[in-house]
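This report goes through the structure shown below, element by element and then chain by chain. Please keep the sequence and the 3D view at hand while reading.

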Amino acid sequence: MTDQSLPSHAAPALSASSLNKTFTVRGNGLGKPARHVHAVSDFSFDLPTGSTLGIVGESGCGKSTTARLLMHLVEPDSGQIRLSGEPVGTAKRDLKQFRRKVQMVFQDSSASLNPRLTIEQSITFAPMVHGVSAKEARETAWRLLDRVGLDPARFAGRYPHELSGGQRQRVNIARALALNPKVVIFDEAVSALDKSVEAQVLNLLNELKAEFGLSYIFISHDLNVVRYISDHVLVMYLGQVVEQGPVEQIYAAPRHPYTRALLASMPSADPDQRTMAAPISGDPPSPIDLPPGCRFAPRCAFAEGICNTMPYELRHGDARVRCHISDPQSGHSKAEAAQ
Amino acid sequence: MTVSEITLPTTQPTRSQGYWSNVWHKLLRDRVSVACMIVLALIILSAIFAPLLTSYDPAVGSVVQRLKPPFTEGYILGTDELGRDMLTRLLYGGRMSLIMGILPVLLALVIGGTLGTVAGFVGGWTNTIIMRATDVVFAFPSILLAVAIAGALGSGLLNALIALTVVLIPPMVRVTESATTQVRSLDFVEAARASGAGGLTIIRVHILGNILAPVVVYATSLLSVAIIMSAGLSFIGLGAKPPTPEWGLMLNTLRSAIYSQPLIAALPGVFIFAVSLSFNLLSDGLRSAMDMS
Amino acid sequence: MNTPLLSVKDLTVQFRTAKGPITAVDGIDLTLERGEVLGIIGESGSGKSVTMRALLRILPEAKTTISGNLLLDGKDALSLKGRDLASYRGGDVSMVFQEPATALDPVYTIGTQIAETVRRHRKVSRKDAQARALEMLELVRIPSPASRLGNYPHEMSGGMRQRAMIALALAAGPKLLLADEPTTALDATVQIQVILLLRELQKEMGMATIFVTHDVGVAAEISDRIAVMYAGRIVETGTAADVLKNPKHPYTQGLLSSTVQGAKPGAPIKAIPGMPPDLAQMPPGCAFAPRCPLATSTCQAAVPDLRTQGAARRVACVKVEEIA
């Protein structure tokens, strides 16, 4: 450990305040105008140490950009990321230190492993970049392989294509842990796995979290998985957080119309109680050149005039909701009465 | 950190066959590729060991023995227009022709490969500058450009070498650039960045190993082109100078014998054809051997 | 009519590979009545997609051996050749794929693709085919269908593309619709719309449907009956309610108890240990035995038959009486 200024225990493992990222698609200079993709707007959260934050949303909602922003793989236009309460510098050295502490597991288990490297080489790569000796890195790799349920004597010398998807994802988890990080971000990390394998990996993740004292950010489109693994959940729509709070509160009593629609869209799993009507129609629109105002308004059953202005994220107990209906002062006809 | 201690065994773990040894085994199972490798090995070895295989001097002939047909006593493949032993000249000629075919490709591989990797990995303006410059050179038909450059520099082996290298660099840049761009967007490169590795480390460990396969395949196919082009330059007098034995040059000087001894006049062409075709087929074989599922 | 629409007996599909033959589907039996929806649940490698492709006869013939019986409406579909095969594919049977982005031709408009399909299977004029295309887009509830006819696939959103794919599949009025994970690639709020659409269309048009999915919830939403596949074999069939509420095969039980749906957050999930077998190296006897908590040596002796367990219920497990 090099940084001596240990922050107080209360500081969240990772937090972000007002992150913004807009990608600009250049025009062609022949009348085709430049377009702006609002990948992430006004994004804030705290990840308390030892907890799991689930991020859910549909395609184009900015989940993956969020992961890359948090990893500093993409630089935000504005806003700040703090690790254990300390702002993250952008100097090369600071970033390298940051990356020891925050690691990521990707969705595509096969694309995220170099096909020309053995499993052992893939896992030892990062520690060796940070100056760990080859011998020590190899010992760590073997220990971690054993811990994620892969016999090192059998798997260390193999190549990724010889492994199943579930095994590869275990290797990716071992690789992420090789730097002894504080926070691990999972970007749809179990989405491509078979259900029976998914269950095994989720169990493993829960065990590892306790054992290594980790905090997780778990990005997924699967609401069941997020409910199972998360303490807090954050619902995104078109680059914005529409609702966040403790997982049971959000699932039991969603406030935002989008969260409600999303939860009601889950298949019932009971053939005698089938879903009778789709909660909302249409596809999520593309996040290009968004109008001002509430981004969900075009698909919202409760949209009215006031929804052409952007609602704020307001606190409701432990949760925060971005909807005019949840704001007693908004003037929306269905607005909740002030308590 | 509390992880169950596990002792490292002293024996090596079961190590899977590496990618390249896998490719090699696949290549050995392909009959066409094996045949090509045998042909190339024979020609290359016989060029290297030419002095051991023949006692004639490639530059000295006897006027009395001009244009003897093949299988003449003492001259297995006959003699040329100056009475020099054809076999000797073909063997020695292979030295120059092979060097002039292979060296420019190797140089282009190093120079073009470096430019392409940098362009592909760094992207942005660097990419634009390198790739547009490449396009300018690429816009000229390659053989004409080689002739123009060799002509401007003046005839001679070194200048022909430079001309060929310049012509072969652009396609090499393009292939490396597109391979690099493809690999760069894969998650494992992102993961390497996320673990704090620098650009050069990522290129060395993660990019090179993955672009090598398509680049090597392409370089092998360029060999067949380079052999023909270098022979072409010598044929029109921009490469090797008489009496240096060189297949392209031999084709030129034997033009006069095309009616009297067509077999002899065609022999250098047969060698050029065999080498070029072998490289071409070998590149196809390599391509399918490297295509891993 | 008492003959079922589809009757599959002992269907076996083998792939010839460099490493020897691989049996992807191993002797499955299926029957499907007119207007019935069968859900096939299974994990990757269970043979569910291969079964669908065998039913549509689109497996590459040079690399596959298909044996068994396949009767559609009394017609032997395995012996079809040439023109008959062409009218079978897309005419009698059609398929909705998982990825509409790759299953639709990117260089033709949606309208052209549907009209072409109609004209391939019915003798109608170009104009009537276009009209039919419009009708189909209305049927799958694509907003402003007339203008959508001229759209290329890339101009549509994922959900719209899948609707267009369904319109294309239904254009020639097939007797049997095969749906291979048609909602897997879609967003949650779109998935439920497409499931409901398929359910309504199936009722309206009355075609029999086989719906392949790995998602138990999706299967519950649409299936009348469910077949569970494991390692190329059907291990359990029955009505959707029976199979999902009272699973009898240890694999089905494991699959249902390993879903996170309803699992207590944080508590360990009862996951099935191990992973599905490599089809090139199948274990002897019951393929699930190596992962099964109830397995004994009898399980390795022979592949268990699908045995009838009450009405419309069949289970392939020697221990089924003990599980009860």
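Which elements are included in what covers the buried residues of α4(A)? Among them are α3 (119–129), α5 (152–155) and α6 (165–177) of chain A.

## Basis of the report

This is a predicted model, in which local features need pLDDT of at least 70 and side-chain atom pairs count only at pLDDT 80 or more, whereas totals for chains, interfaces and linings use all residues. Residues are numbered from 1 along each chain as its sequence is written, and chains are lettered from A and ligands numbered from 1 in the order in which they are written.

Helices (H or I, at least four residues) and strands (E, at least two) are DSSP runs, numbered from the N terminus. Two residues are in contact if their C-beta atoms, placed from the backbone, lie within 7 Å. A residue is buried if 20 or more other C-beta atoms lie within 10 Å of its own, exposed if 12 or fewer, and partly exposed in between, again with C-beta atoms placed from the backbone.

## Helix α4 of chain A

Helix α4 of chain A covers residues 134–147, and its 14 residues should span 20 Å at 1.5 Å a residue, which agrees with end C-alpha atoms that are 20 Å apart; the expected span is 1.5 Å times one less than the number of residues. The buried residues of this helix are A:A137, A:R138, A:T140, A:A141, A:W142, A:L144, A:L145 and A:R147. Just after α4(A), A:G149 takes a positive phi of about 95 degrees.

## The sheet of chain A

In chain A, four strands form an open sheet in the order β2-β1-β4-β5, with antiparallel pairing; two strands pair if DSSP finds at least two bridges between them. At the edges are β2 (35–47) and β5 (86–87) of chain A, each of which pairs on one side only. Strand β4 (residues 78–83) of chain A is joined to β5(A) by two bridges in the antiparallel sense, and A:P87 in β5(A) is the bridge partner of A:R82.

A:S18 counts as exposed because it has 12 C-beta neighbours inside 10 Å.

## The sheet of chain C

Chain C has an open sheet of four strands in the order β2-β1-β4-β5, with antiparallel pairing, and its edge strands are β2 (20–32) and β5 (75–76) of chain C, each pairing on one side only. Between β1(C) and strand β4 (residues 64–72) of chain C there are eight bridges in the antiparallel sense, and C:V13 stands opposite C:I66 in β4(C).

C:Q14 belongs to strand β1 (residues 6–17) of chain C and counts as partly exposed, because 17 C-beta neighbours lie inside 10 Å. Leaving aside residues up to four places away in sequence, C:Q14 touches C:P21, C:I22, C:T23, C:T64 and C:T65.

## Helix packing in chain B

Where do helix α2 (residues 31–48) and helix α4 (residues 86–122) of chain B meet? B:I43, B:I44, B:S46 and B:A47 in α2(B) meet B:L91, B:G94, B:R95 and B:L98 in α4(B). The two helices, α2 (residues 31–48) and α4 (residues 86–122) of chain B, pack at an angle of about 105 degrees with their axes 7 Å apart, where axes are lines fitted to C-alpha atoms, for helices over the stretch in contact, and angles run from 0 to 180 degrees between N-to-C directions.

Elsewhere in chain B, a cis peptide bond with omega of about 5 degrees joins B:P242 and B:P243, and B:P243 lies in the loop between α9 and α10 (247–253) of chain B.

## Contacts between chains

Of the two pairs of chains in contact, chains A and C share the most contacts, whereas chain B and chain C do not touch, their nearest C-alpha atoms being 12 Å apart. The contact of chain C with chain A takes 38 residues from each of the two chains, and α8(C) gives the most to the side of chain C, with seven residues.

Chain B brings 28 residues into contact with 37 residues of chain A. The largest share of the side of chain B that touches chain A, seven residues, comes from α8(B).
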